[in-house]
Structures are given as C-alpha cells and as structure tokens.
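I set out to record what I looked up in this structure, entry by entry. The model is shown first.

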Amino acid sequence: MVFKVKIKYLSCFRTILKQLFFNQFLTVLFACKSIYLSFFNQIISMMKIQIILLFTFLSIFVINAQDSKEINTAYRTEREKINTLVHTKLKVEFDYTKRHLLGEAWLTLKPHFYTTNTLTLDAKGMLIHKVSKNGKDLKYEYNGKEIKINLGNTFDKDDKYNIYIKYTARPEEIEQEGSAAINDAKGLYFIDPDGTDPDKPTQIWTQGETESSSCWFPTIDSPNQKTTQEIFITVQDKYVTLSNGLLLKKTKNKNGTRTDYWKLDQKHAPYLFFMGVGEYSIIKDKWKNIAVDYYVEKEYEPYAKEIFGLTPEMIQFYSDYTGVPYVWPKYAQIVGRDFVSGAMENTTAVLHNDMAYQVSGQLIDENTWEYTIAHELFHHWFGDLVTTESWSNLTINESFANYSEYLWIEYKYGSDQADAHRHDEIDGYLAGGNELKDLVRFHYNSREDMFDAVSYNKGGAILHMLRAYIGDEAFKAGLKLFLDENAYGTGEAHQLRLVFEKVTGKDLNQFFNQWYFNNGHPILDITYDYNEQGSIVAVSIKQTQDEMFEFPLAIDVYEGAKPKRYDVWVDEKNKSFSFKVKSKPNLVNVGANKTLLAEITDHKTVENYIHQYNYAPKYEDRREAIIGLSENQNNDEVLKTLTKALNDKYYGLRILAIEKFDISKTNSKEALKTMEKLAVNDPKTLVQAAAIKKLGLLEAKGYAPIFTKALDSKSFAVKGSALNSLYTIDKTTAVAYTGSITDETVKNHMKDALIPIYIKDRMEEQMPFVAENLVEGMFLTEDKNTQNIYKEGFQWVVGSDNKDATQNLVDNFVEIGIKYKQYGADKMANQVLNQVLTAKKSSNSANKDTLVKIVEDGLNRIK
C-alpha cells in the first residue's frame, strides 16, 4: 500500500493531503490577526501528531501519522492458525439507502494441525442471519466482532469442511482505527450512494488492509491466511464491477440488475480481496496474453494510457528482475473517489486514490503517479505472492515495494533520477520520530503504526545497502529464491536472511541484526588531516549516535580528475584511516558509492566542492556540491561551476541549480544567457518553468516576449510560471490572460498561479474559487511568500460579504473538522469558524444575516 500517504503532492494522498494540515496550518496562519493567537496556542498543546513527509516526484506521500504515546510492551505475535482458509465464495448485493451489503458466504476450511470442533471468524459490525454446515444450522456466539461457531463434530488435520453464513454488513456502524490513520476503517465504502453530490459519481470500493475485509464478509482476517475466491456481485446494469481474478460471466436479471461472476484460482490473503463498482470507462491494454485494464471515469478516458500506459513494461521489467514471471491471470487498475489511502495492491485489482487522475497539461511535466503505479505492481510479488506473516514483518511487503520504485526509475530513467528519488525517501525517514523504531517490530500500539517511514523508506534504503553489499546478481538471485520458496505463502525477515546466506555463502546475521532487528542509523562527523611532510591524508570518522554501527565504506581520494578508491570497514565509534598521496588531494569523498543510510557532516572547502561537482559522478555528489557552492556566490569560480550546473545532465539538478542561483546579484552574462536558453528550449518543461520563474525575479521588461510565448505552452507548470513572471512586468496582459481561462479543468490545474493574482487584484468574481482552495493553499507550501499571499486571501474572504466564498470557506473547515475529529480538528475548525462568525457579525454588509447563518450552520455541522 502506498500509505498515509505518499501523497505525491506536499504522497498520495496517501486523505493524507489533509493530514498535512495540522503541522503546516499552524505555521501558515500563526501570523494572522491577533484574534487567532490564543487559538493556535491551544492547538499546539493539543496536537500530538507526527507527520512524516516523503517528497517523491513533485509531490508527496505522507507515510505516517501516529500518536506520540508510549509503545505497548505486549509482544505482537503472528496470529495462531487453528483453522486454515481454503476457499471463499461470496454472493453480494447492495442497499444504497442504508449503506448495507446483503451477503452470503460459503467458506471452506480445515484444521491447521490440531483437531478442533470450533471455528472463530472475524465479522465486524454485521447482522448474522444464519450459520450452517451441510444444510444444518449451527450454534454460534456473536459479539459484534467475532463469530464463535460450534462445528457440531471434531475435524482432524486436512479434513475440509464447509460453512454457510447469511449476513448483512453495515460498514457505517463500524469504528476501528484504519489504514488512513483515521477512525474510519469500514472495509466497504459507499461514495455518494444517493446520487446527491453533483461533483461525485456514485461508487463502491473496498479497502481490506490491515484487517477490514471482515467488515464486509466473514473470514479469518489475518495476513497469514491464504484462500482462493469467487464472488458474485449484483449491481445496477449501468455499473461496471471489478474484483480479483477473472470475470467469467455476466448475467442480466429481470429487475434491471446484473450479476457479475469473478473467480481467482490462486491463493491470496483476505485483506487483498476487492470489489469496485461504478460508472467507468475500461481502457484495454495487455502484457503478453494477459489483460491489463485501466478503469477510469469517462472524463479521464483520453488520459488513461498517459497515466497508466507504462504498466505492461513495468510487468516485464519486474518479471525479468526477480526471475519470477508475473503469475496472476490479469492486472487491472481502478481509481476510486475519496479513497482513504494512496493506493492498494488488491490482487489483480489495484485501487488508486483519485490523485492519480491527471491531464495532458500535467503529464507533459511529470506523471506524479508513476512511482505509485510501480509500487503497487511490485506488491504482486512481495505482498500478494509472498505475504508478510504478521504486521511485525511488514518489511516483507512495504520495504520491497518502496525499493521497487528505485529499481523501476533506475531501469527506465537512469541512476541519477533513481538516486534523487532515494534521497527524497531518506529525507522522509530522517524527518524525525523514527530513531527508536526497529524495522521488524514486535512491540507497537496498533498494527497501523507499522505503516510508517521505517517500514517504507528506511526499509527500502536498507535493501539498497544489501544489494550494494552482496552485488546485483546475488541480490536478484536471492529475490528469486525467496519468491520461489514461499510462493502463495508467507514470509518473514529471518527467511529473507537465510535465503541471501544460501545464495551468497555469507553470514548476514550482523547485517540483519543491525538493520532489521535494531533501530537508528549512523550519524557521522568526518574530518581530514593532510600531512605534507609524510604525504599522507588521514580521514577520521566519528559516530555521534548512541549505539555503534559497523559498515563498509568506499573512500575516493582525488589527486586530479580520477580518484583512487579505498574500501574500508568501520567497526569503531572513532575510526581513522590514512592514505599515501603524492600531494594534497583535491577532494576526499567519503561514502563515495552513496549507499550508506547515514547522516553525514563533512567539512569541505569551496575548492573541494568545485572539484566534487566537476569530477565526482554520483547524483548526491553533484547535489551536495551545488548546495555547498550556492552559499559562496561571490566567488568567480563558484559562479562558473554553478553556471555549468545549469546544464547538468540530470534535469532535477538543473532545477536545483536554477533555484539556488542568486540571479539578483550575478553579473554573469553567461549565466543569464544559459537561463534564457533553459526557459525556452530545455527538453524538460519543469526546467523551463523553473528558469522562467527565476528570470521573473529580475522584473526585466525585456523578458516579456519569453513569458508571453510561454503562455502558449501545453505545460501547466510553464504556463503558471510565465503568468506569474509576466504579472511583475505587464500586469495588464497577465490579468487579461487570467480572465481568458474559462475551462474549469485548466483553471483547477493552474490554480497555484491564478489564485495569487486573484487575491492581489481582489478579483471579486473569483473569490469563491479562492475560498475553496484556501485551506490547501495555506498548508501545502513551504514558500513564505505564497503562505503570506494565502493568509491575505483568507483575511480577504473573512472580511467580505461574498456569500458563495463564505460558504466555500466554511465547507472546507467543516470537512477538515469532521474528517479528522479524532485528532482534535473539530475543535480547531470550531475555533476558527467562531472567529469568522465574530467578523461577520461585526460587519456592515447587507448580507450580514445570511453570512452569519452560513457560519452558524457550519458550526452546527461540526457539532
């Protein structure tokens, strides 16, 4: 699962978008009028949520949001297998009015080892109408969470038996902590079931992870169970359905409904069961002879292959890389409105958050969902084919899926882009709060706590270190052996170690004990000493964290353009290495292969950074050099190197060089000329956009032709930068252009550029549009200028008599308050709206009574 989310916009997400609200909102609004100060002081003391940001493409997936309470000391074991699922057959139909599922379940089971005469099934919040075996009613007890069934006789190991249950699932009446870090794990979700929301289609989708499939059918809801399945789904004939496996039959019923029969003959875990229902266009694709389908709303039909079209190539790549061809009978992807996570790897039927939806103006810049598509696909090897035996060993699922993103990027786009992605993932882990968490954890408060930046980000980084340590071919051979030995079963970290030991002949206990069954990471302080008389350079490595780590390290010593590499082993908290040199090195590059997960403080000079950018080959080398040099831009050699970086081979570093370049101080004609060329001709539209934005800071009228021409670009990023830059030198033309944008799709996707102009120019007719985006705009940026503009917009709306804008603002806060009530967001929203109410009551507007009522209604909705 791409979770909590990798939200791909400051994730996925990974619903999670709005969880960013809590930390960022405080920062953004704190500087508002003094009436808010006491409120925000209360919020600071109230909030206990840690939000971990993962920057992935342009975006994010928030990977965790969990309480800071003490960890439960109870040991979290694998769930005991008393009975084992063999086959699950379901018949379901829906009561949209009541938000109920009317179901029948036929379960085939057998004792796991010991004889038994009882069966306990998970069944949350249901009405149980009948339980029988071979047509005979059975006695049972039901407590709202579990059905304890007396089987009537005793069964031995491998004696199969069949249970029938007729039931009603009532997801709206279930309260349990769930995968979106909200008290909302209902398992089955009805989206606009009454058809009353003009902005949403009617849909149904399910979300089983971690243990919520038992909210819509009785089962043993544990990841160490595996079962084949078949399901009959009855829906209105206008809807399409999607489930696991193959659609074998469609039957039209006399009452205008249709029953679809889906069947999967391979075993998988109950949490991977899926149903999706709605009005979708189905875009057909294929890998070899296997169907690869994309289920999207009709509006996005023209863009489906732009969004998902690399899937067949991904399937081939992962089949080749693991040595295990894709084993499942189809691969479908569907987009669900209001999905509570980022995406979910339901076997053969992946569900994506609607943030996956993009149009050509976005996709020409970057497909911000591509890495998520890869992540969920790779779960069909690690997660679906071999599943974690317990949530403590979630690394088997999520660390591999996280690292699969790196593997895909490396294959498709090269090592620079892959290393940039890895850097962002590690930043997400280092964001804080993860230092005391083992990768494999047998102590946690909730199983949902396992879905964090340790299981995902750190786990992926650990796999990268393991690959570097044992070598590419051994790594691939280990993956294949692990998958072959555990196919359609479960796995844990110890099995993983044994497999890699079997392949390599190495004892990997130290590696696994340190990285899998322990916590933290090295924090290194690097110093150098050159002894001219002895022609020796000494490198001192000091570990400043509490517990010592042992690790291999590559050190490159540069005397000129080519380095001499020394491979060393660090096994002390203070370790020094000495190397013979002919003269003082231009650069000593510690950790030259850039695989170690560590925080490193290095003491390099400007001259070191210049040499590093010019000759050290890795993305991290050049990135570090650009950042280091950007702090010394009065130096001619520095400016020369930064100008060179404007043409770096990797577009991400071209953007970084543009952003770090202090264009207001430079007199370099070469740098300006390069920037102008990038703005017009760079093959990457994101680089063009960055260059246009930077040139706009000069407020030079001579750039008007560049900016005006850029408004015709297909890229929303280029258009947006051009519009904002043009506004600084030709306000009339820029404002006229904003008025020409009437297409709602374009308007929504260019809102980051449009809204500041709407606010600055007090464009009253656009105030409702501004108001419905204020909450997002105030917390989804770290740019202070943007934050100030949105604060200004907030105050503009609060002080206005615009009914539609007031309604939109209130609706935003009400939505946040209700959806995140468990985190105290209702109190936050209530406090803000009370301040808005005070402002409206004190106004002299002719609409005063209406405005007051809008805010009061919002306050009542929160209550």
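**Conventions.** I worked on a predicted model, in which local features need pLDDT of at least 70 and side-chain atom pairs count only at pLDDT 80 or more, while totals for chains, interfaces and linings use all residues. Residues are numbered from 1 along each chain as its sequence is written, and side-chain values use heavy atoms, with hydrogens and water left out. For helices (H or I, at least four residues) and strands (E, at least two) I used DSSP runs, numbered from the N terminus.

Entry 1: I traced an open sheet of eight strands in the order 9-8-12-6-5-15-18-17, with mixed pairing. Two strands are counted as paired if DSSP finds at least two bridges between them. Strand 9 (136-137) and strand 17 (246-252) are the edges; each has a single partner strand, so one side of each lacks a neighbour in the sheet. I then looked at strand 15 (residues 227-236) and strand 18 (residues 257-268), which run antiparallel and are joined by nine bridges. Within this pair, Gln-229 stands opposite Leu-264 of strand 18. I note as background that strands of a sheet pair through backbone hydrogen bonds.

Entry 2: I asked how many of the eight residues of strand 29 (residues 551-558) are buried. Seven of them are, so strand 29 is largely enclosed by the rest of the structure; buried means under 20% relative accessible area, exposed over 50%, and partly exposed in between (1.4 Å probe, protein chains only). Strand 29 pairs with strand 30 (residues 563-570) in the antiparallel sense over eight bridges, and Asp-556 has Arg-565 in strand 30 as its bridge partner. The hairpin of these strands has four residues between them, and there Gly-560 takes a positive phi near 105°.

Strand 29 is also joined to strand 32, again antiparallel, by four bridges. I found Val-557 partnered with Val-588 and Tyr-558 opposite Leu-587. From strand 32, Leu-587 and Asn-589 point one way and Val-588 and Val-590 the other, and all are buried.

**Entry 3: the second largest pocket.** I took its volume as about 620 Å³. A pocket here is an open set of points on a 1 Å grid over the protein atoms alone, where a 1.4 Å probe fits, with protein on both sides within 12 Å along at least five of seven lines; lining residues have an atom within 4 Å of a point. Grid points are joined across faces, edges and corners, and the volume is the space filled by probe spheres set on the points.

I found 24 lining residues, with His-423, Ala-598, Ile-600, Glu-620 and Glu-624 nearest the centre. Helix 9 (415-430), strand 32 (587-590), strand 33 (599-602) and helix 15 (619-630) each supply at least two lining residues. Helix 9 gives the largest share, five residues. By class, the lining has nine nonpolar, six polar and nine charged residues. Ala, Val, Leu, Ile, Met, Phe, Trp, Tyr, Cys and Pro count as nonpolar, Asp, Glu, Lys and Arg as charged, and the others, Gly among them, as polar.

**Entry 4: the largest nonpolar core.** I recorded 244 residues in this core, and those with the most contacts inside it are Phe-94, Ile-163, Tyr-167, Trp-216 and Tyr-516. Helix 10 (residues 454-470) gives the most to this core, with eight residues. Such a core is a set of buried Ala, Val, Leu, Ile, Met, Phe, Trp, Tyr and Cys residues joined through side-chain atoms within 4.5 Å. Beyond four places in sequence, Trp-216 touches residues including Leu-90, Met-126, Tyr-167, Ile-231 and Phe-273; contact means heavy atoms within 4.5 Å.

**Entry 5: Ser-535.** I located Ser-535 in the loop between strand 27 (523-531) and strand 28 (536-543). At 17% relative accessibility, Ser-535 counts as buried. Its C-alpha atom is 6.0 Å from that of Lys-580, 45 residues apart along the chain.

**Entry 6: backbone exceptions.** Most residues other than glycine have a negative phi, and most peptide bonds are trans. I noted a cis peptide bond from Glu-209 to Thr-210, with omega near 10°. Asp-192 has a positive phi near 45° and is buried, at 11% relative accessible area. Arg-762 has a positive phi of about 50° and is partly exposed, at 38%.
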